[in-house]
Amino acid sequence: MSDTPTLGFIGLGVMGEPICRNMLQKSGAKMLVSDLSPDPVARLTAFGAEEASADEIAARADILFLSLPGGPQVEKVAGALIPKMQSGATLVDMSTAPVGLTRELAAQANARGIHYADAPVARTRAAAEAGTLAIMVGADQATHDRILPILSHAGDTILHCGPVGCGQVAKILNNMVLFQNVVALSEALALGQAAGMEGATLFDIISQGSGDSFALRNHGQKAMIPDTFPKQAFPTDYALKDVSYALDLAREYGLSAPGAELAEARMQMAKAAGFAEEYFPVLARLAGKPSE
């Protein structure tokens, strides 16, 4: 591999496109891109990326990034591409995927002399646009050090969580905590309004006390208070997927996670109410109603 590696990026969705664009513009490296939708590909080629098929990217890229909706897509795409990648290349999965699957794919890659890292991201679409994501990396030290300069173009907080799979563990549990915070905020908002307090005032006061949190300042004040839950953000269906991964971990290790189960139940209610595609704090609209 040359000093300036050839990069590949597959999966140019809500987060993948801005991540890829930041890597492309800041690294100066050749970037090969592929997506099922032609629109993000066209936007990135306008910035100097080269459109290529997934197979071509696998064959040519020194470092190949994936940003896909979830485990089934990662399993299908990574499983198909690993046999086509060069020995010595690196596959970096920036999706959120199950821990067990991540380690299975890493073993397949390693058997062919391919390095593997899981590097799921946290924070918002705005952070992806700004290049200020938090990125949680599971990889051996050498692989982490190899991909760090490229990841630093997409995030300002790069966290080496441990060996392969630990990035996913950290991301899944980070989201589990976030979801439970959002459920608590939805309950506080419903109770406060029922008792005659303005929701915006309540959240402003909580933000200055010990109940302050990232979830309150972002999901609470920016979405719940204005009752604005756009599509093309982090939808309820995606949140359900992530909380299911946390509950899978709990079952695998014989632990109980009742808080995560409650968050899942509230999201299921939101989905059943027709909000599968809306930004997941929409569950606040159902706060106070009993679970089915």
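## Close-up views of a predicted model

**View 1. Helices H11 and H12, side by side.** The axes of H11 and H12 come within 10 Å and cross at roughly 155°. Here an axis is a line fitted to C-alpha atoms, for helices over the stretch in contact, and angles run from 0 to 180 degrees between N-to-C directions. H11 and H12 are therefore roughly antiparallel to each other; angles over 145 degrees count as roughly antiparallel, under 35 as roughly parallel, 65 to 115 as roughly perpendicular and the rest as oblique. H11 passes H12 in a left-handed crossing, a name used if the near helix is turned anticlockwise from the far one by less than a right angle, with clockwise giving right-handed. On the H11 side, the residues that meet H12 are Thr236, Asp237, Ala239, Leu240, Val243 and Leu247. Their partners in H12 are Ala260, Glu261, Glu264, Met267, Gln268, Ala270 and Lys271. Contact means heavy atoms within 4.5 Å. The residues of this contact between H11 and H12 divide into 7 nonpolar, 2 polar and 4 charged. In that count, Ala, Val, Leu, Ile, Met, Phe, Trp, Tyr, Cys and Pro are nonpolar, Asp, Glu, Lys and Arg are charged, and the others, Gly among them, are polar.

**A note for all views.** This is a predicted model, in which local features need pLDDT of at least 70 and side-chain atom pairs count only at pLDDT 80 or more, while totals for chains, interfaces and linings use all residues. Residues are numbered from 1 along each chain as its sequence is written, and side-chain values use heavy atoms, with hydrogens and water left out.

View 2. H11 covers residues 236-252, which makes 17 residues. From first C-alpha to last, H11 reaches 24 Å, close to the 24 Å expected at 1.5 Å a residue; the expected span is 1.5 Å times one less than the number of residues. Helices (H or I, at least four residues) and strands (E, at least two) are DSSP runs, numbered from the N terminus. The buried residues of H11 include Tyr245, Ala246, Leu249 and Ala250. Buried means under 20% relative accessible area, exposed over 50%, and partly exposed in between, using a 1.4 Å probe and protein chains only. The buried residues of H11 pack against helices H4 (71-81), H5 (99-111), H8 (166-194) and H12 (258-272). Just after H11, look for Gly254, which takes a positive phi of about 70°.

**View 3. Helices H5 and H8.** H8 has 29 residues and reaches 42 Å from its first C-alpha to its last, close to the 42 Å expected at 1.5 Å a residue. H5 and H8 pack at an angle of about 160°, with their axes 9 Å apart. These two helices, H5 and H8, are therefore roughly antiparallel to each other. H5 passes H8 in a right-handed crossing. Val99, Thr102 and Arg103 of H5 make the contact with Cys166, Gln168, Val169 and Ile172 of H8. The residues of the contact of H5 with H8 divide into 4 nonpolar, 2 polar and 1 charged. Just after H8 comes Gly196, with a positive phi of about 95°.

View 4. Thr143 lies in helix H7 (residues 141-151), and at 0% relative accessibility Thr143 counts as buried. Leaving aside neighbours within four places in sequence, Thr143 is in contact with Thr90, His115, Tyr116 and Ala117. Ala154 sits in the loop between H7 and strand S9 (155-162). Ala154 is buried too, with a relative accessible area of 1%. Not counting residues up to four places away in sequence, Ala154 touches Ile19, Asn22, Met23, Gly131, Thr132, Leu133 and Ile135. Ala154 and Lys26 are 128 residues apart in sequence and 9.0 Å apart in space, C-alpha to C-alpha.

View 5. Most residues other than glycine have a negative phi. Arg123, although not a glycine, has a positive phi of about 95°. Arg123 is found in the loop between strand S7 (121-122) and helix H6 (125-130), and counts as partly exposed at 40% relative accessibility. Gln232 is not a glycine either, and has a positive phi of about 60°. Gln232 lies in the loop between helix H10 (214-224) and H11, where Gln232 is exposed, with a relative accessible area of 64%.
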